[in-house]
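Student: I'd like to learn how to read a protein structure. Could you walk me through one, feature by feature?

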Amino acid sequence: MEKEYRPLDITLISAKDLKDVNLFSKMDVYAVVTINGDPQTKQQTPVDRNCGRNPNWQYTMIFTVEEAAANQNRLNLVIRLVSYRRRLGDEHIGQVVVPVKEFLDCKEKDFVCEVRLRNGKLKGTLNLCSKIGQKFSVPVAAPPHVAEEGKSAEKPVMGYPAAGSSAGWPPPRPAAYPYNYPPQGAHPPPQPQESSGYPAPHAQGYGYTCHPPYGEHGYMPAQQPAAGLGLRLVGGLFAREVIDGVLFGGSDDAGVTGGLDGVVGFDF
């Protein structure tokens with residue numbers, strides 16, 4: 001693929017009867033020239049410090065324009081006239097816009113263009129001449145993402161794991177969590193009970209303090225009643241009945257029998 005270009009020489013000769021944008025001093029005028037206002041194509045004349053509203057430059061600039069774009073009327077030569085002011089800042093005077101297509105009609109051509117002010121009115125003229133050079137071709141490489149004719153474009157490589165792959169994100173969930181992962185900083189979900197019948201110890205989480213483990217397995221065993229508690233109660237009641245029979249003259253048999261009756265009636 002190739003594109004055709006042409007060199008374009010523009011000579012800004014002079015301007016006449018421009019609007020005076022200075023209040024108290026004579027204007028020092030220069031011109032800024034671009035293609036379609038693109039700053040990469042910006043060129044400018046020297047400042048004329050002598051002629052005021054009728055500056056004279058005789059200054060030539062060289063541009064390179066694409067012939068196809070110019071013939072399609074997509075390129076314009078934009079000329080801005082500016083008053084140079086050291087202390088107050090430069091002031092815009094007016095502007096001239098010429099389609100580049102008009103420069104391609106003949107090898108050399110003179111132009112007299114009217115200057116348009118900010119308010120849209122016309123004030124003053126600009127004199128310039130153009131010279132168009134021989135066209136030349138520049139090869140243009142095709143973009144890398146454009147597939148060749150007859151070949152299908154390769155699909156982009158995705159950064160995700162294939163379906164069914166054990167790699168990638170999210171990682172497999174641990175067996176201790178049958179539910180969804182707990183959010184960062186939250187209390188974990190309830191733990192499943194093991195086959196031993198005791199709850200598993202709490203895992204250390206973020207955002208709270210875990211209780212110290214109890215016992216060897218991390219939990220507090222259930223307390224069982226003392227094995228000799230019933231026998232100690234029986235022995236105490238029996239001794240009390242015997243002592244009561246001796247001190248108060250009661251029958252030993254009656255005391256023993258009463259003690260035994262109390263034992264029999266005790267609910268273990």
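Student: Let's begin with the parts list. How many helices and strands does the protein have?

Tutor: Keep in mind that this is a predicted model. The protein has three helices and nine strands. You can also read them in order along the sequence, and the pattern is then β-β-β-β-α-β-β-β-β-β-α-α.

Student: And how much of the protein is buried?

Tutor: Of the 268 residues in the protein, 24% are buried. A residue gets that label when its relative accessible area is under 20%.

Student: What share of the contacts joins residues at least 24 apart?

Tutor: Start with the contacts between residues at least 6 apart in sequence; 57% of those join residues at least 24 apart.

Student: Next, the core. How many residues does the largest nonpolar core have, and which have the most contacts inside it?

Tutor: The general idea is to look for buried nonpolar residues whose side chains are joined. Here the largest nonpolar core has 33 residues, and Leu-12, Ile-79, Leu-81, Phe-103 and Leu-126 have the most contacts inside it. Several elements give two or more residues to this core, among them strand S1 (2–16), strand S5 (76–83), strand S8 (122–132) and helix H1 (67–71).

Student: Let me zoom in on Phe-103. What does it touch?

Tutor: Leaving out residues up to four places away in sequence, Phe-103 touches Leu-8, Ile-10, Leu-77, Val-98, Phe-111, Leu-128, Ser-130 and Ile-132.

Student: Now a loop residue, Thr-45. Where is its place, and is it buried or exposed?

Tutor: Thr-45 sits in the loop between strand S3 (43–44) and S4. Its relative accessible area is 3%, so Thr-45 counts as buried. Beyond its sequence neighbours up to four places away, Thr-45 touches Leu-12, Tyr-30, Ala-31, Trp-57, Tyr-59 and Met-61.

Student: On to charges. How many salt bridges does the structure hold?

Tutor: You look for a Lys or Arg side-chain nitrogen within 4 Å of an Asp or Glu carboxyl oxygen. The structure holds eight salt bridges. In one of them, Lys-26 pairs with Asp-28, and the closest N and O atoms are 3.5 Å apart. Lys-26 is partly exposed at 44% relative accessibility, whereas Asp-28 is buried at 14%.

Student: Which other residue meets Asp-28 in a salt bridge?

Tutor: Arg-49 does, with 3.8 Å from N to O. This pair links distant parts of the chain: Arg-49 is in the loop between S3 and S4, Asp-28 is in the loop between S1 and S2, and they are 21 residues apart. Arg-49 is partly exposed, at 43% relative accessibility.

Student: And what is the partner of Glu-91?

Tutor: Glu-91 forms a salt bridge with Arg-85, the closest N and O atoms being 3.2 Å apart. Glu-91 has a relative accessible area of 28%, so it counts as partly exposed. Salt bridges can also share partners, and in this way Glu-4, Arg-6, Glu-67 and Lys-135 are joined into one network.

Student: Last one: where is His-92, and is it buried or exposed?

Tutor: His-92 lies in strand S6. At 11% relative accessibility, His-92 is buried. Apart from neighbours within four places in sequence, His-92 is in contact with Val-21, Arg-80, Leu-81 and Arg-118.

Methods: Residues numbered from 1 in each chain as written. Predicted model: local features only at pLDDT ≥ 70, side-chain atom pairs only at ≥ 80, totals over all residues. Heavy atoms only, no water. Core = buried A, V, L, I, M, F, W, Y, C linked by side-chain atoms within 4.5 Å. Buried < 20%, exposed > 50% of the residue type's maximum accessible area, 1.4 Å probe, protein only. Helix = DSSP H or I, 4+ residues; strand = E, 2+ residues; numbered from the N terminus. Contact = heavy atoms within 4.5 Å.
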